[in-house]
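Student: Please put up the sequence and the model, and then take me through the fold by question and answer.

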Amino acid sequence: MQASSFLRKRVLVLGLGLHGGGVGVVRWLVKQGARVTVSDIKSRKELAPSLNLLRKLKFNYILGKHPLSLLSGCDLIVQNPGVPRELPLLRAARQQGIPIENEASLFLKLAPARLVVAISGSKGKSTTTTMLGAMLKRQNARSVVAGNIRDAVMFDVLSSVRPKTPVVLELSSWHLEIIGKHKLKMPVAVLTNVLPEHLNRYRSMADYARAKANLFRYQTKHDAVVMNYDNELSRRLARRAPGQVYWFSLKHGVPQGAFVSKGKVWWRAGKVTSQLFSVSDVCVLGEHNLANAMAAAAAAKLLSISNTNIRKALCSFKGLHDRLEFVRAWHGVRYINDTTATAPAGTLAALAALRGLPLVLIAGGTDKSLSYQELGKIIARQCSAVVLLPGSATGKLQNVLRGFKSQFLAKNMQAAVGLAARLSQRGGVVLLSPAAASFGLFQHEFDRGEQFVRAVKALS
């Protein structure tokens, strides 16, 4: 596929969104001379941050609905990851044979790079992608990192990609649905884990896992995938991998891949075992981040990155915003923003990282058809109090916390932070780790995190 093929094509961008991906696609398409129409269920007011970035460009938009009339004369649809595949307009488009892409499938078809490393997983993919990107850039400064990451939009970096440019791409399960449909393959893939997530959008865990498996489904025997040996579903999915499987594990000495022994992380390939780095070289909190570092290092070894550059990149990595991000210490209490924990598994990892500290948790929000049983048990065991934000997941948490007396409701983030501050104790932590989506009360999870940060900084 060539950029010139979009000249005068009628392209429907289905879902503009607020995370930048839709904006990047529209900007690029208009620049190529495409006749672009944007359709989004949100209102003009809700989409104002994205529309303002596009105000100087010529394109049409229809907001608040997705009418079937949009398909008249349409040559191509670019589906935003947030738009469900069951949408009537998409069903009609498939029946009419209108091609459907998303930003990731288009990027992979347009980018001339010969080496693309694709990273996905229920949790840890952004951190793993950024870690691997840092390792690659120490060896090749022209390496590109992009994907399902804030401030690293695919179509904003496309013009900088050349045939010899290494590309590290983070992909969501929704990206992978269409990537699988087009049977696109990446020579190196990393699957951090497969955990219960997005079951409001998938029929079952098996359906969700099938989407994730598109990450490596169309590899050949000459390609490789890095997988989590400690994750049971990943081990099962590995049986379908047509390429070579390399593992990373916190608990086991794997036959090939990265593993931990005596405070060191080792790499085993064939008959050779070498030390990659020390556990203490990973500066970010939590065993889950050590696992992310091992996943990134395993991929780095497959890309022939030196152990020295792997270690140096990890030693300088301070973590990503919105993921166990330290905001402020106030009256002897640390305030930590973990807003991207949008499912129980993410909050469980955060609680494990802070085990042993007096902890007030701010949680709750919109349910994604997930179970809160295990999380409820850990909250009752580990937290001195929990402050719950409004939402359908909050009702589920209240049910599993029926015997836990130190639970409180707050109508908004400012009230939640104020209440958590009063409940906290010196030497402890106030943690925002919602275990739920942000729909309703916030624009998105990053808006939720920003409101938490503002409320914490306003404490006086």
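Tutor: Accessible areas come from the Shrake-Rupley method with a 1.4 Å probe, and for residues only the protein chains shown count as cover. This is a predicted model, where local features need pLDDT of at least 70 and side-chain atom pairs count only at pLDDT 80 or more, while totals for chains, interfaces and linings use all residues. Residues are numbered from 1 along each chain as its sequence is written, and side-chain values use heavy atoms, with hydrogens and water left out.

Student: What share of the accessible surface of the chain belongs to carbon and sulfur atoms?

Tutor: The accessible surface is computed for the chain and comes to about 19900 Å². The part that belongs to carbon and sulfur atoms is 50%.

Student: Is strand β17 enclosed or open, and how many of its residues are buried?

Tutor: Buried means under 20% relative accessible area, exposed over 50%, and partly exposed in between (1.4 Å probe, protein chains only). Leu359, Leu361 and Ala363 point one way from β17, Val360 and Ile362 point the other way, and all are buried. β17 (residues 359–363) is therefore largely enclosed by the rest of the structure, and its buried count is 5 of the 5.

Student: Which residue stands opposite Ile362 in β20?

Tutor: Two strands pair if DSSP finds at least two bridges between them. β17 pairs in the parallel sense with β20 (residues 429–432) over 4 bridges, and 4 bridges also join β17 to the parallel strand β18 (residues 385–388). On the β18 side, Val360 stands opposite Ala385. On the β20 side, the residue opposite Ile362 is Leu432.

Student: Which residue with positive phi follows helix α1?

Tutor: α1 (residues 21–31) has 9 of its 11 residues buried, so this helix is largely enclosed by the rest of the structure. Among the buried ones are Gly21, Trp28 and Val30. After α1 comes a residue with a positive phi near 90°, namely Gly33.

How values were computed: Helices (H or I, at least four residues) and strands (E, at least two) are DSSP runs, numbered from the N terminus.
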